[in-house]
Amino acid sequence: MSTRYPFTAVVGMDDLRLALLLNAVSSSIGGVLVRGEKGTAKSTAVRALAELLPEVAVVAGCRFSCDPAAPDPGCPDGPHGATDGSSRPARMVELPVGASEDRLVGALDIEKALAEGVKAFEPGLLAAAHRGILYVDEVNLLSDHLVDHLLDAAAMGQSHVEREGVSVRHAARFLLVGTMNPEEGELRPQLLDRFGLTVEVAASREPEQRVEVVRRRLAFEDDPAAFAARWADEERALRERIVAARELLPRVVLGDAALLQIAATCAAFEVDGMRADIVMARTATALAAWAGRTEVTSDDVRQAALLALPHRRRRNPFDAPGLDEDKLDETLEQFKGEEPDEDPEPDGPDGPGDGGPGGPGGVPPQGEGPASESTAPGNDTAPESGPAPEEAPAPAAQEAGSGSRPGAGERAAVAAGEPFRTRMLSVPGLGEGAAGRRSRARTEHGRTTGATRPKGALTKLHLAATVRAAAPHQRARGRTGRGLVVRRDDLRQASREGREGNLVLFVVDASGSMAARQRMGAVKGAVLSLLLDAYQRRDKVGLVTFRGRAAEVALPPTSSVDAAAARLEQLPTGGRTPLSAGLLKAHDVLRVERLRDPSRRPLLVVVTDGRATGGGPDPVGLAARAARLHASEGTAAVVVDCETGPVRLGLAGNLARELGGTAVTLEELRADSIAGLVRNVQGNHSAARRAA
């Protein structure tokens, strides 16, 4: 068994370590979501925590890790009689991004259930993680329905598997930890709210701390066993402190004054629902137990707010999580009651922050010895550190091929207009891409549309079709009773239709003609609205811009719509209109994406006034040929016509016809008067394909 990096050797990252330790003390808090840039030791810290958890007593032979002192009466392996059981280390189970639903919740063998009347259940990862840690790296890339399953299990403490009326329930209580890089896409606010605590981590900008990170990491890689032995005493002391805090937790009193502060804080920050209040109460109680006290203080409430509220403040995908600490302090002061007397310092190792709610206590001084980090240097975050600053936009003069410099026709970036609700745009036909909310597709979840013979293991039984297949053979099979005699050849797989997410590639005209008449602000507002729609429909997005003499990929296809919004906000305008270059660059992007993800169908959204004044001796003809290239490959396309004024040339409409798509004006994009827009997108595309 490989040696894991010691938890107490992790440099900095006080908020992360504290959040993990609090969940180790009280699993009812609801887990931790760790947000941070690459190489910040998120995974290292989580894996190290598993070594600190006390051993668990389990019923021998039980696949669901029942406690011998209080076995689950509904355990599928039960009922369990009186037994002494055995002890084993707490498990850390990892959920891969590509895991199936059956791998997560467990697989029920429908074939045996129908043919033999036997409930044959193979436990999934939720069962394996019971009474341990369930770790999901890149949780933001996990399918929404899998995230729903694991968060439901974490909230309810049990997992429920049902297939065609055959159901199994089992206990599933675990410490849920998810990590994510916001650059790769955000979680939905509804899913964010289901995580108890959230912490932001970033690499330290202090050279001394970065040096210590590298020193400790190299020492660990040179001799993992010797490195771990150097931290064994600190690990043992921290493990004992977790046990002591768990034992003290039931005796901690959450007074009315602290409870009022919690409620006032959640109300002051306009947090939706009541989950935040409950999580804050549980966190403040765990903080008191961790500090060795039996009564919750205002400091506990403040620290609980800093961990439980920032991610619940987001109102749309372009909002960054955060909390106004001045406002927090004012609210706590306004509703402050009499503070309870402090209890003596808790038993535990001496160290910085030991016994205080603001630090994870039991962590050795950071100046000496090996230290923590995952694979990338600079993994720790000082307590005062915030999220890593946004990457500075490249100067406009450096844009690829723009040929523009300040003072040479380029205009500074303008702010986007107010976003609005857009009409539904979809890709025609029936796809088989990742689950989403845009275009029709064959999916694992959705309405049943038919039945087929299963090609592999049966996952979704079509009961009526199975009965129809088995019925004609009952006499030949010697049926004598009321039960149906079913063979494997009778089984039918249900075909289901739902919605998929698409790749929405924006091709935005940033030339001088778009800057005229103050149009760019409205154009950016429209694209921002479409980005918000793409976020809600679980699409990947990409951004190609063209101006001057060429086009560039401002943002390769990604799940992070907030990254696309940031690039859009920084977009300057000016120069000629190389429309053909923009369309050809989009073609290159889609060609590569078809190789990477052939099941995800693209939707091309061209935002332009249709003018073509650059890119060759015949810019209009070149643009038409580039458009027909997209049409020949069946790419669904929409042209957002940005032309304004009383006299309109209709050039965007001509471009849409060449693309085999449809054109819609900025006004029509938001108006309810175009109820047939989706129908037009599909109809025009189908007509173009028939003509071709």
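Q: Is T443 buried or exposed in this predicted model?
A: T443 is buried, because its relative accessible area is 16%; buried means under 20%, exposed over 50% and partly exposed in between, with a 1.4 Å probe and protein chains only.

Q: Which strand holds T443?
A: T443 lies in strand β12, residues 435-452. Strands (E, at least two residues) are DSSP runs numbered from the N terminus, as are helices (H or I, at least four residues).

Q: And what does T443 touch?
A: Not counting residues up to four places away in sequence, T443 touches R496, E497, G498 and R499, where contact means heavy atoms within 4.5 Å.

Q: Moving on, what is the strand order in the open sheet of five strands?
A: The order is β4-β7-β10-β1-β11, with parallel pairing; two strands pair if DSSP finds at least two bridges between them.

Q: Which are the edge strands?
A: β4 (92-94) and β11 (197-201) are the edge strands, and each pairs on one side only.

Q: How many bridges join β1 and β11?
A: Strand β1 (residues 32-36) pairs with β11 over five bridges in the parallel sense. L33 stands opposite T198 in β11.

Q: What are the ground rules for the model?
A: Residues are numbered from 1 along each chain as its sequence is written, and side-chain values use heavy atoms, leaving out hydrogens and water. The model is predicted: local features need pLDDT of at least 70, side-chain atom pairs count only at pLDDT 80 or more, and totals for chains, interfaces and linings use all residues.
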